[in-house]
Amino acid sequence: MSGHTPWKDIKHGIEADARYAIEAAELREVDIIVQLGDFAYNFDPKFMQLWEEAHCPVYFLRGNHDSTEVIKHLAGSLVGPDPVEVWENVSYLPDGCTVHMGASKVSILGGAVSIDRSSRVEDRSWWREECTRADAV
């Protein structure tokens, strides 16, 4: 892999980190990439285009550092019963979605509370709908 990046140093929506994750998944010959929140921050097109080239499908559930406004624009809603392709090769796992992973049935609930909210800017680096949606539970 080109240039090792320790996992703890990976930030949200950084192209170099996306490349690292894609290369690591390819080396490990994984069948699916699933990002558990804080995937793309503001979903910059250059960042999202990197994931088109991943060798396998990419899924993500939203984190507290993912723009809920952009997700709603791309997926239509934060909540839903099924994965929604939001970019070529990239699918959003909405709150309330149920998917099968191997022999397991998995319920998806995204979001979290930003403990650093006071240092962020609403609708730019912090979103009111960052917490798990009550209508998905």
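Modeller: Let's start with a cut-off: buried means under 20% relative accessible area, exposed means over 50%, and partly exposed is in between, using a 1.4 Å probe and protein chains only. Keep in mind that this is a predicted model, where local features need pLDDT of at least 70, side-chain atom pairs count only at pLDDT 80 or more, and totals for chains, interfaces and linings use all residues. Residues are numbered from 1 along each chain as its sequence is written, and side-chain values use heavy atoms, with hydrogens and water left out.

Biologist: How do you know what counts as a strand or a helix?

Modeller: Both are DSSP runs, numbered from the N terminus: helices are H or I with at least four residues, strands are E with at least two. The chain has three helices and six strands, in the order α-β-α-β-α-β-β-β-β. Of its 137 residues, 38% count as buried.

Biologist: What makes Ile-32, Val-34, Leu-36 and Met-101 a nonpolar patch?

Modeller: Patches take residues with over 30% relative accessible area and no salt bridge; nonpolar side chains (Val, Leu, Ile, Met, Phe, Trp, Tyr) are joined within 5 Å, like charges within 9 Å. Together the four have about 360 Å² of accessible area, computed by the Shrake-Rupley method with a 1.4 Å probe, where only the protein chains shown count as cover for residues. For the chain, the accessible surface comes to about 7,900 Å², with 51% belonging to carbon and sulfur atoms.

Biologist: Why is Arg-62 called buried?

Modeller: Arg-62 has 0% relative accessibility, so it counts as buried, the limit being under 20%. Arg-62 sits in the loop between strand 2 and helix 3.

Biologist: And what makes the link between Arg-62 and Asp-95 a polar contact?

Modeller: A polar contact is a pair of N or O atoms within 3.5 Å; within protein, one must be able to donate a hydrogen and the other to accept it, and residues adjacent in sequence count only if both atoms are side-chain atoms. The side chains of Arg-62 and Asp-95 are joined at 2.9 Å, and the limit is 3.5 Å.

Biologist: How do you know that the buried residues of helix 2 line one face?

Modeller: In helix 2 (residues 45-52), the buried ones are Phe-47, Met-48, Leu-50 and Trp-51. Seen down the axis, they fall within an arc of 145 degrees, so they line one face of the helix. The arc is taken from the directions from the helix axis to the C-beta atoms. These residues pack against helix 1, strand 1, strand 2, strand 3 and strand 4.

Biologist: What puts the buried residues of helix 3 on the same side?

Modeller: They are Thr-68, Ile-71 and Ala-75. Their arc around the axis is only 55 degrees, which puts them on the same side of helix 3. They pack against strand 2, strand 3 and strand 4.

Biologist: Why is the pair of Arg-19 and Glu-15 called a salt bridge?

Modeller: The term needs a side-chain nitrogen of Lys or Arg within 4 Å of a carboxyl oxygen of Asp or Glu. In Arg-19 and Glu-15, the closest N and O atoms are 3.5 Å apart, so the pair meets the 4 Å limit. Both residues lie in helix 1, four residues apart, about one turn of the helix.

Biologist: What makes Glu-15, Arg-19 and Lys-46 a network?

Modeller: Glu-15 also forms a salt bridge with Lys-46, with the closest N and O atoms 3.9 Å apart. That pair links distant parts of the chain, Glu-15 in helix 1 and Lys-46 in helix 2, 31 residues apart. With Glu-15 bridging to Arg-19 and to Lys-46, the three are linked in a network of salt bridges.

Biologist: Why is Lys-46 called exposed?

Modeller: Lys-46 has a relative accessible area of 52%, and exposed means over 50%. So the label for Lys-46 is exposed.

Conventions. Contact means heavy atoms within 4.5 Å.
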